[in-house]
Structures are given as structure tokens and as C-alpha cells.
Amino acid sequence: MTSKASALPDIDVEEFRKVVRSRRSIRRFKPDPIPRDVLSECLELATLAPNSSNLQPWEFFVVESADLKAKLATACLGQNAAKTAPVLIAIVARPDTWRKHARQALDEWPEASLPPIVDKYYRTVAPIHYNQGPLGVFGLTKKAAGMALGMLRPIPRGPSSTSDMKVWATKSTALAAQNLMLALRAHGYDSCPMEGFDECRVKSLLKIHRKGLVTMVLAAGKRADNGVYNRQYRFDHDQLVHYL
Ligand SMILES: Cc1cc2nc3c(=O)[nH]c(=O)nc-3n(C[C@H](O)[C@H](O)[C@H](O)COP(=O)(O)O)c2cc1C
């Protein structure tokens, strides 16, 4: 799945506003299923999210079968959103796939020739940048070297541990999750991101790789009339937005 940079389409900001402003976390859904082609297009749009080094450190587990969905809803602590949604999607960050994906990026580069800078990046830079080594020793070495070098010039300060790698993968995966929620909304469907779940049970039910991090389970479908629990509110911008 590739697309070439081309002429930018006209964009109607009002349509974008509608999508963003009408997205709410929905706690009760109608039983109507999401057509497979809609779901598939929303997942494709999800994977167009920006992501670190284009290493796409994510996976999506789509659960529609009644039996598995009921078990997953129980693992989501019996939340109404999970119990009523026609689809549940476990959105999983993979801090461990970077090496394989770096090789894949080289193999599947979408242009006729691979620019040397790209080749160098995936072949040499990424393996140093993302590798933490056995027991994280290489990460610690990078951190120590970085602290010394960092006194002289700006340097990247991480990732330098396995927990940094978890944050690294989760950042990109959360952006894909947001794309997915907005894509569903643009198609007239709704969602509820959930971190209220028993991760061990979710991973074992869906046979998720042991290094995968379940970033969110997304309940998706059409909102029920009583699906929105309260008015949307946010804190004042003056408190949280800083123009410098
Ligand atoms: C990472 C994350 C985890 C969340 N977990 C839950 C959850 O377990 N259950 C739930 O009902 N809502 C959950 N939410 C939804 C938030 O409560 C909701 O986004 C917030 O209250 C703002 O409401 P809005 O999304 O309607 O604007 C979660 C949202 C995010 C981003």
C-alpha cells in the first residue's frame, strides 16, 4: 500500500471540524455491524498515521465473532462500551518489530531506486538507535556516551532502555488509534478507546505476541441514543496551551 506525493486535494475545514467535534467516547452502541469494507478502509486510514521512522510498530486485532467478543468484553472489565459494541479492536504497540520492519522498509521501498540516505538510515542508524542490546547494556552505553556528548551539542537522548522502546512504540500506535477513531466518525460510526482492561487476559484471548503492548481496546459501532454519558468539556486553553 503506497501512494505518491501528488497534487493536494481541496480540503473543507468545516467537514474536518464536524468529524473532530462529533467524535465522542461512546459507552453504549446499537447492534448494527460495521460493514467490512468500511472497517477495512478505516484501518487503512489508521495505518497512514505518522509514525516513528516509518517503522509502523503496531498491530490491530479485530474481533467481531460473538463468542470471542463476549470474552474480550469481560476482559475489558465488563464495560458497557465493550459489551454493546459490534466490533472490538485491540490496538497493539510492538516495541520489538523495528529490526524486521527496518529490513522490510529496505525491501519494499516504493521508488525504483533506494536513496543512499534511506539505505544508511535503515541499515546503520536505526540498528544503533533502537537496539538496546542484551539486558539493555547497549542502551545504557548509548545513554552514558550521549550524556557526555550532549554537553557539547544537541543529541538524541533516547530511546536507551526497553521501557523507552515501549514509549516509542506506544506514541506512534496512539496516533494510529486516533486516525482510526476519526476515520470511523467520518464514516458515520463511533468508538470508545479503553484502557480499562486486564492486559494479561486480553493478550491471552487474542494470542497477542508476548512483547506486544495493548495500547487501547477500541469499541466501535453506531452510537446508541443513550451512548453519550456527559457533555464534552476541556480545560481552559490558557492553562494548557503555551505560546512562547
Ligand atoms: C488512552 C485512553 C483510555 C481510555 N480508557 C477508557 C476506558 O477504559 N473506559 C471509558 O469509558 N473511556 C475511556 N477513555 C475515554 C475517555 O474517558 C474520554 O476520551 C474522555 O473522557 C473525554 O471524552 P470524549 O472522548 O468524549 O471527548 C479513554 C480514553 C483514552 C484516550
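Buried means under 20% relative accessible area, exposed means over 50%, and partly exposed lies in between (1.4 Å probe, protein chains only). These words are used throughout the points below.

1. Basis of the model. The model is predicted: local features need pLDDT of at least 70, side-chain atom pairs count only at pLDDT 80 or more, and totals for chains, interfaces and linings use all residues. Residues are numbered from 1 along each chain as its sequence is written, and side-chain values use heavy atoms, with hydrogens and water left out.

2. Confidence. pLDDT is the predictor's confidence in each residue, from 0 to 100. The chain averages 96, and 98% of the residues score at least 70. Confidence is lowest in α7, with a mean of 93, and highest in β2, at 99. Where pLDDT is low, the predicted coordinates should not be read in detail.

3. Overall build. The chain has 10 helices and four strands; helices (H or I, at least four residues) and strands (E, at least two) are DSSP runs, numbered from the N terminus. Along the sequence the pattern reads α-α-β-α-α-β-α-α-α-α-β-α-β-α. The C-alpha atoms fill a box of roughly 60 × 45 × 45 Å along the principal axes. Of the 244 residues, 37% count as buried. Contact means heavy atoms within 4.5 Å; among contacts between residues at least 6 apart in sequence, 78% join residues at least 24 apart.

4. Surface. The accessible surface of the chain comes to about 15,300 Å², and 57% of it belongs to carbon and sulfur atoms. Accessible areas come from the Shrake-Rupley method with a 1.4 Å probe; for residues, only the protein chains shown count as cover. Tyr233, Phe235, Leu240, Val241 and Tyr243 form a nonpolar surface patch with about 640 Å² of accessible area together. Patches are made of residues with over 30% relative accessible area and no salt bridge, where like charges are joined within 9 Å and nonpolar side chains (Val, Leu, Ile, Met, Phe, Trp, Tyr) within 5 Å. Tyr233 sits in the loop between β4 (213-221) and α10 (237-240), and counts as exposed at 57% relative accessibility.

5. Helix α3. In α3 (residues 66-75), Lys69, Leu72, Ala73 and Ala75 are buried. They cover an arc of only 155° around the axis, so they lie on the same side of α3; the arc is that of the directions from the helix axis to the C-beta atoms. The buried residues pack against β1, α4 (80-84), β2 (87-93) and α9 (199-206). On the face turned away from the buried side are the exposed residues Ala66, Asp67 and Thr74. Leu77, which follows α3, has a positive phi near 60°.

6. Salt bridges. The structure holds 10 salt bridges, a salt bridge being a side-chain nitrogen of Lys or Arg within 4 Å of a carboxyl oxygen of Asp or Glu. Lys71 and Asp67 are separated by about one helical turn because they are four residues apart in α3. Lys71 is partly exposed at 42% relative accessibility, while Asp67 is exposed at 52%. Arg17 pairs with Glu14, with the closest N and O atoms 2.7 Å apart; both lie in helix α1 (residues 13-22), three residues apart. In helix α6, Arg123 and Asp119 are four residues apart, and the closest N and O atoms of their salt bridge are 2.7 Å apart. Glu59, Arg94 and Asp96 are linked in a network of salt bridges.

7. Backbone points to check. Most residues other than glycine have a negative phi, and most peptide bonds are trans. Gln56, in the loop between α2 (36-46) and β1 (58-63), has a positive phi of about 45°. Gln56 is partly exposed, with a relative accessible area of 33%. Leu135 has a positive phi near 60° and is found in the loop between α6 (116-130) and α7. Leu135 is exposed, with a relative accessible area of 87%. A cis peptide bond joins Gly158 and Pro159, with omega about 5°; Pro159 lies in the loop between α7 (137-149) and α8 (162-186).
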